[in-house]
Amino acid sequence: MEIKEIVKEKYGQAALRVTTGGSSCCGASATVDGCGVDPIISRLYDANQTAQIPEEAVVASLGCGNPTALAQLNPGEVVLDLGSGGGIDVLLSAKRVGPTGKAYGLDMTDEMLALARENQRKSGLLNVEFLKGEIENIPLPDNSVDVIISNCVINLSGDKDRVLQEAFRVLKPGGRFAVSDVVVRGTVPDEVKRSMLLWVGCIAGALQDEQYVSKLAKSGFDQIDIEPTRVYNIEDARTFLSAEGIDVDSIAAQVDGRFMSAFIHATKPAAACCAPGCCS
Ligand SMILES: C[S@@+](CC[C@H](N)C(=O)[O-])C[C@H]1O[C@@H](n2cnc3c(N)ncnc32)[C@H](O)[C@@H]1O
C-alpha cells in the first residue's frame with residue numbers, strides 16, 4: 001500500500017507540472033539533467049508519431065520505450081495500456097486500431113487521468129477511454145482485450161505476479177502482451193541495484209530478466225521474449241549518482257550493460273478446440 005501511495009503522489013506531481021507548463025520529468029531528470037537529455041525517456045518517439053497527437057501528450061511522456069512502435073496492432077482490435085499516464089501510447093494505439101477498434105488507458109492517479117482525458121479531447125479521438133483503477137485489479141472482463149501494452153509501469157508495482165495474472169485474465173485467447181519496461185540483466189548487488197533504480201525512475205523496482213520470463217510463464221503466457229531496446233552504462237547515471245553521494249567509480253564494473261529498457265512480449269495461448277464447431 002505504501003509503495004502505491006508514494007507512486008501516486010510522485011506521478012500526481014508530475015502530471016501537475018505538465019498542466020502548469022513544466023516538464024513531466026521526475027527523479028533524476030527533474031533534479032539534474034532536464035528532460036531533453038534524459039537517456040531513458042528522451043527521443044523515444046519519431047516525428048511521424050508525435051505529429052499525430054497533441055503536443056501535451058508528448059510532453060507528458062514518462063515511458064522508457066515505445067511499445068506501439070514494436071507491437072503488432074491491427075484495425076478493429078482492443079488495446080489496453082497499463083499505467084497510461086498522460087495518454088501518449090493510448091492515443092497512438094487508437095490511431096492504429098482505427099474507429100472499429102478501441103484503446104483503453106488504465107491509471108490510478110487522478111491528476112494523470114485528468115491530463116490524459118484532456119489530451120484525448122484535444123486529439124478528437126472517440127475510440128479512447130481512460131479508466132481509473134489499479135493494474136493489479138484491472139476493471140475489465142475476462143477475455144476482452146487483444147493487446148496489452150504498457151510503458152515503464154510494471155516495474156513500479158509491488159505485486160508483479162498479480163499484474164501479470166490480471167493481464168493474462170483480460171487478454172483474449174491468442175492475445176498479445178507487448179510491454180516496455182526496465183529490466184536488470186543478471187545478478188547485481190542489492191546496493192548497486194538500489195542506486196541505479198533510484199536513477200532510473202521515481203520509484204522503480206525492476207525485475208531481473210530471468211524473473212520476468214519465469215513470472216510470465218507462471219501466469220500462463222508462452223512465446224515469451226525480452227528484447228533490449230536501450231542498454232544503460234555508468235556514464236548515463238554518473239551526474240545523478242554523484243549528486244546522491246555515491247562513489248560511482250567503485251560500482252561502475254557492476255553496472256555497465258546490466259540495466260536496460262526492454263520490449264517484453266508474450267502470448268496467451270489460443271483456446272484449445274474442445275468440441276465440433278467450437279473454433280469456427
Ligand atoms: C512512468 S509513468 C508512465 C506513464 C505512461 N505509460 C508513459 O509512457 O508516459 C507511470 C504511470 O503509471 C501509473 N501507475 C503506477 N503504478 C500503478 C498501478 N499500480 N496501477 C495503476 N497505475 C499505476 C502512474 O500513475 C503513472 O501515470
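In helix H6, the buried residues (under 20% relative accessible area, with over 50% counted as exposed and values in between as partly exposed, for a 1.4 Å probe and protein chains only) are Ile88, Asp89, Val90, Leu91, Leu92, Ser93, Ala94 and Val97. The helix is thus named from DSSP runs, in which helices (H or I) have at least four residues and strands (E) at least two, numbered from the N terminus. H6 is mostly covered, with eight of its ten residues buried, and just after this helix glycine 98 takes a positive phi of about 75°. The model is a predicted one, in which local features need pLDDT of at least 70 and side-chain atom pairs count only at pLDDT 80 or more, whereas totals for chains, interfaces and linings use all residues. Residues are numbered from 1 along each chain as its sequence is written, and side-chain values use heavy atoms, with hydrogens and water left out.

The largest pocket holds about 520 Å³ of space. A pocket is an open set of points on a 1 Å grid over the protein atoms alone, with protein on both sides within 12 Å along at least five of seven lines, and its lining residues have an atom within 4 Å of a point; the volume is the space filled by probe spheres set on the points. Of the 34 lining residues, Val7, Gly83, Met108, Val153 and Leu156 are the closest to the centre of the pocket. Two or more residues of the lining come from each of H1, H6 (88-97) and strand E2 (102-107), and H1 gives the most, with four.

H1 (residues 2-19) also packs against helix H7 (residues 110-123), their axes coming within 7 Å and crossing at roughly 35°, where axes are lines fitted to C-alpha atoms over the stretch in contact and angles run from 0 to 180 degrees between N-to-C directions. In contact (heavy atoms within 4.5 Å) are Tyr11, Gly12, Ala14, Ala15, Leu16, Val18 and Thr19 of H1 with Glu111, Met112 and Leu115 of H7.

Glutamate 136 lies in the loop between strand E3 (128-132) and strand E4 (145-151), and this residue counts as buried because its relative accessibility is 8%. Residues up to four places away in sequence not being counted, glutamate 136 touches Lys4, Ser157, Asp159, Arg162, Val163 and Glu166. The C-alpha atoms of glutamate 136 and leucine 82 are separated by 9.6 Å, the two residues being 54 residues apart along the chain.

Terms used
On a 1 Å grid over the protein atoms alone, a cavity is a set of points where a 1.4 Å probe fits but cannot get out, and a pocket is an open set with protein on both sides within 12 Å along at least five of seven lines; lining residues have an atom within 4 Å of a point.
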